Amino acid sequence: MSVALDAPAPVGFAEKIWRINWGLVLVLTAIAGIGVLALYSAAGGRFEPWAARHAVRYGAAFSLMLVVALIHPKVWLTLAWPIYIVSLLLLIAVDVIGKIGMGAQRWLVIGPMQIQPSEIAKVAMILVLARYYHGLRKDQAAQFLYTLPPLALILVVVGLVMVQPDLGTAMMVLLAGGAILFVAGVRLWMFLVAGLAAVASLPIAWSFMHEYQRKRVLTFLDPDRDPLGAGYHITQSKIAIGSGGLFGKGFLGGTQSSLNFLPEKQTDFIFTTFVEEWGMLGACVLLGLFALVLVWGFSIAFRSQHHFGRLLALGVTAMMFLYVFINIAMVMGLLPVVGVPLPLVSNGGTAMVSVMFACGLLIGVNVYRDAQLPRTR
Amino acid sequence: MKPFRKGDGERSGLFTRRALLLGGAQAVLMSALAGRLYQLQVIETDRFATLADDNRINLRLLPPSRGLIFDRTGQPLAVNRNNFRAMATSDRGRGADVLVDRLDQILGLGEVERTRLLRDLRRSRNAQPVVVRENLGWEEVARLEFNAPDLPGVFIDLGQSRDYPEGELMSHIVGYTGRVSDEDLAGRDDPVLQLATMRFGKKGVERSLEDDLRGRAGAVQVEVNAVGRVVRELDRTEGQPGSNALLTIDLDLQRLATEKIREHQSGSLVVLDVVTGDVLAIVSTPGFDPNTFARGISQAEWRELLDNPERPLHNKAIAGVYPPGSTYKMVTALAALEAKVIDPWTRLPCVGFIELGNIKFHCWLKAGHGSTNVVEAIAQSCDCFFYEAARRAGVDRISDMAARLGFGKLSELGLPGESSGNQPTRAWKQEKIGKSWQHGDTFNLGIGQGYMNATPLQLAVMTARIANGGYEVQPNLLLAKSTPREELGPPAPRDKPTAPSLRLDPKHLAVIRDGMNQVVNSSQGTANALRARDPALAFAGKTGTAQVKRITERERAMGITQDSLPWHLRHHALFVCYGPVDNPRYACAVIIEHGQGGGKTAGPIGRDVLAETMKRDPSRRTDRFRKMASR
C-alpha cells in the first residue's frame, strides 16, 4: 500500500479497483451476513419475510456502493449543495405529505418505493459540511462567524427531522455534524458553550416533546416504573441479552425472540435477537466487525490528501459509529429507546441504501485519496 | 505523516489531532458497550436466565379427578361427568373489554356474568386461564369454534363436573361442591385450589371428606409465548385422583325412609347400626337438588331455597334441635338407677300431678298411673315417676348421664352444620340465663322438657348406646375409602362394638331396655299398637311429644286442643326404637315436626323403617355390594 501513497495522479481503472478497500468490503459483507442470519432466526427459521429480502437488498446496495466508490470526489464536491437542497425538500415533503407509521411521519412513497428522507439527509449533510470546510482556510475555520453557516445547515436538518418526530435521527445528525465541525477545527469553547446551551434548554425541549417521547425518557431513567407498559421493551430486551450468557442459546434457540416476548425483533432490537442466540461471543464478533469498519474509516481519513476526503471519511465514520453505539446502547438499556436501526443488520431498505452509499463515499475517498482538489474554484 | 502537501499541512495536522481525540472517545464508548455486555451476560446472566424462563415456562396444575361417592351397596351417589367449558386467557388484562363484549354477543353472558368475567380476567396472573362458562351445549361449542378467529385467547376445555344421580334423596348427606371461596382456603395451602376450575365441597360429605376426595394435583410445564398461548409441553407430572368413598348409607333404605317421612310435611330420621355406629339412613325433608349447585345456581333459585319456611337447606336430622320429651326418660331413669336413688323395684306414686310448692306438675294422664316401678313407668311414660326420679337423682347426675349418652355435644359424624343441642346444667343456666337452677327445672329436665334440646341424631345415638349394652359408639358415615376403584369395598362385618364402654351396670341397662320393650310389646305400653306381628322383627321403642306451645289452663278451658292449633304451633312427634328386641342391632330416631303424638305419627314410620332395616340387615349382608363398572 505504501507504494500507492506516492503514486502520481491520475490513476488507471485497474488501479482504482485495486485501491478499493476489499477488506472493508468483506467486513461489511460479514456484518450483512450476520444480519441475514439474525433475520432468518427472527422469522422463526424462515427466509421469509425478512432474511431473503435483506440479502437481495444488500446485493443491490453493494453494487451501488462500488459505483459510488468509483466516482471522482470532484463530482461530489459539485453535487454536495444540490444533494443537500434536494434532501431538504424531501424532508419538507415528508413533513407535509408523508406516510404515518409508528406514530411518526417518516416515509415518503414514490411509486413502489418507500423512502425515508431523513436517511438521505444524513449523508447529504455530511457531504455539504465537508464541501464547506474544504473551502476554508485553517484560520477561517476557527472563527466564530464562519461557524454559523454550517451550524445552520445542521440545525435545519435537525429541526425538520425533529418535527416528524424522529428523535434518534435528529440526535445522530446533530452529533455527526458536531463531529465534523470538531475535526474541521472549530474552537473548543464553542462546543463548550453549545453543550451548556443544550443542558440549559433541556427543560424547554421537555415541554416540546411528545407524550410517548417523555415516557421513553422516563422509562429509560427507571425501567421498572411500568414493566408491562412503556418499560416492557427494554426489560424484555435486557432479559434476552442477559439470558444469552457467554455462548448464547444457540442458533434458532432464542426463547425471548421466538416466543415474541421481544418487540421489534427484526428492526431496532435485531442486536438482541442475535445476541440471545450467540451470546457474548457473538456480540463481541459483531462489535469487533463494526470496530474494524471504524478503524478502516479513520485510516482512510488520515490517508486522504485532500481536506474534503478527510472530512467526508470522518463524517461517514462518525455516522456509522453513532448508528452502532446508539442502537446497541439503547437495546442494552444504556440510552432511551429512540428508534435507531443497527446498520446492515436491521431489516429496512432506506437505511441499508444510505449506509452503503456512505460506505461507497468512504471507499471513494481511498480510491481518489491523492486527487487534486483545489480549495477554491 | 509526511506525505501531506504543503499548504494543506496546517489543516491536516489539526484534523489528525482532533480525529484521534474523536477516535479515542469512540473507543471508550465502544468499550462501554462491551462492559455493559459483560455485566448483562456474565455477571447478571443467572438472574436474566431465570427471568427468561419465568417468561416462557408456565407451570400449569392439572386438577385431579375428584373421588366418587357410593352408598354401602356400591350405588353411585356422586360422580364426575364430562363438562365442556369455555376458558379465556387475556394478554395481561389488555383487550379484556373487547373480548368480553364479543363473548357476550356469542353466548349472551348477561350483566352479572360480564362483571365477574372481567374481574377474573384482570385478576388472572401469569396468563392463567379463567372460566367463561361451564357445561356448554354442542350448539354453544359450535358457535365458539366458528367465531374462534375473533376470540383470541378463548379455548374450549374438557373438564369434569359433579353429578348427583340421586338428586334430592341424598342432598343432605352428600351435599354439593362449589367454587373455592376464601374461607375454604384458610389453613389449606394446596396450590390446586387456586385454579379457576377447581371445586370445593360446600356441604355434606363433599365437605367433610373434602381433603380425601380432592386428590393431588398433577402439574404440566408448558412453554408459552408472549400472549400466553401454549407452544409446547416441557414436562408433566401426573397427579393422584381423589379417594373414592363408600358411605355407610344404604341407598334403598334411605329411599324407603324418605318416602315414609315425605308423607308428612317436614321431618327427619336417623338409622344407626348400634354396634359399629354406621349411619344407615339420614333423612331430612324437604331437601334440595344438589345438581343445581353443581351447575351453578342462579340467584333466584338460591333465594327461593333460603326463603322456604320448611328450610330445605337445613339438615334437620343433625342440625334441628327439639325438646326430646318422653324419649329422654331413659336418661333420667338410668341416672337414678346408677345413682342408686331408686332400684328396679322402687315404686313411686302418680295421682296425675305432683306439687312443688304451689306449682303443679302434671302427668299426661290426668287420672294418674297409680304406683309404678321404673319399667312400668317407661312403658306407660308416667311423668310423675320421672319428676320424682329426677328430683332424687338431681340435675348434676342427669346431665352427666345425658352427656355420656351423647347429648349436649357434637358427635364424630363430621358433617358440617351439626348442632350440639343443649344439655342444661347448673353452670349453664347461671351463665346463660343468669339465674340459679330451680327444683322445677329438674322436674322439667326429668321428662325432657324445659331447657333441654337435642337433635334426632343424638336421640338415635342415645338409643344405640342403650341398645348395644353401654358402648360409646359414634355415628359414622364413611365405610371405606380407596383411590383405586377395585380396592373399594365394605370391610368385614363386625358383631362386637369396638367403642369404649360407658361402664354402666348391665342390670340397669337391661331394666331400661325392658321398659322400652314394654312400651311396644306390653298391652300397657304407649306404643302397643305398633308391635310387630312377625316375632323376628320384634322391636322396642319409646314415644315422645315435644311441646312447641304450652296450652294454658285458660285456653284449655276455651276448648283449644292440639288439633285446633295452626300447624306450626302443634307439638313435635318423636319416636326412638331399636331392634331386634332381644339382640339389638339397629336403632332409629324419628321426628315429625308438628306431628303431635309421638306414637301416632312418628311411631309407624320408626316401626316400618326399623323393620325394613332388620329385613335387609345391611350390616351383616355385604353380598349386596356391587362394584360399579369402571368408567
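In what order do the five strands of the open sheet in chain B stand? The order is β12-β11-β20-β19-β18 in chain B, and the pairing is antiparallel. Two strands count as paired if DSSP finds at least two bridges between them; strands (E, at least two residues) and helices (H or I, at least four residues) are DSSP runs, numbered from the N terminus.

This is a predicted model, in which local features need pLDDT of at least 70, side-chain atom pairs count only at pLDDT 80 or more, and totals for chains, interfaces and linings use all residues. Residues are numbered from 1 along each chain as its sequence is written, while chains are lettered from A and ligands numbered from 1 in the order in which they are written.

At the edges of the five-stranded sheet stand β12 and β18 (540-546) of chain B, each with a single partner strand, so one side of each is left without a neighbour in the sheet. On average, neighbouring strands of this sheet are turned by 10° against each other, direction ignored. Such angles run from 0 to 180 degrees between N-to-C directions, and axes are lines fitted to C-alpha atoms, for helices over the stretch in contact.

Strand β11(B), residues 267-273, pairs on one side with β12(B), residues 279-285, in the antiparallel sense over six bridges. The two form a hairpin with five residues between them, and G277(B) in the turn has a positive phi of about 85°. β11(B) also pairs with β20(B), residues 586-592, antiparallel over seven bridges.

A residue is buried if 20 or more other C-beta atoms lie within 10 Å of its own, exposed if 12 or fewer, and partly exposed in between, with C-beta atoms placed from the backbone. G267(B), L269(B), V271(B) and D273(B) point one way, S268(B), V270(B) and L272(B) the other, and all are buried. For chain B as a whole, buried residues make up 45% of the 631 residues.

A second open sheet in chain B has three strands in the order β1-β8-β9, with antiparallel pairing. Its edge strands are β1 (57-62) and β9 (230-237), each pairing on one side only. Neighbouring strands here are turned by 30° against each other on average, direction ignored. β8(B), residues 218-224, and β9(B) pair over six bridges, and the bridge partner of V220(B) in β9(B) is R236(B).

Among the helices, the axes of α3(B), residues 96-107, and α4(B), residues 111-123, come within 10 Å and cross at roughly 145°. A96(B), V100(B) and D104(B) in α3(B) meet R114(B), L117(B), L118(B), L121(B) and R122(B) in α4(B). Contact requires that the C-beta atoms of two residues, placed from the backbone, lie within 7 Å.

The contact between the chains takes 42 residues from chain A and 37 residues from chain B. α15(A), residues 270-303, is one of the helices that each supply at least two residues of the side of chain A that touches chain B; α15(A) gives the most, with 10 residues.
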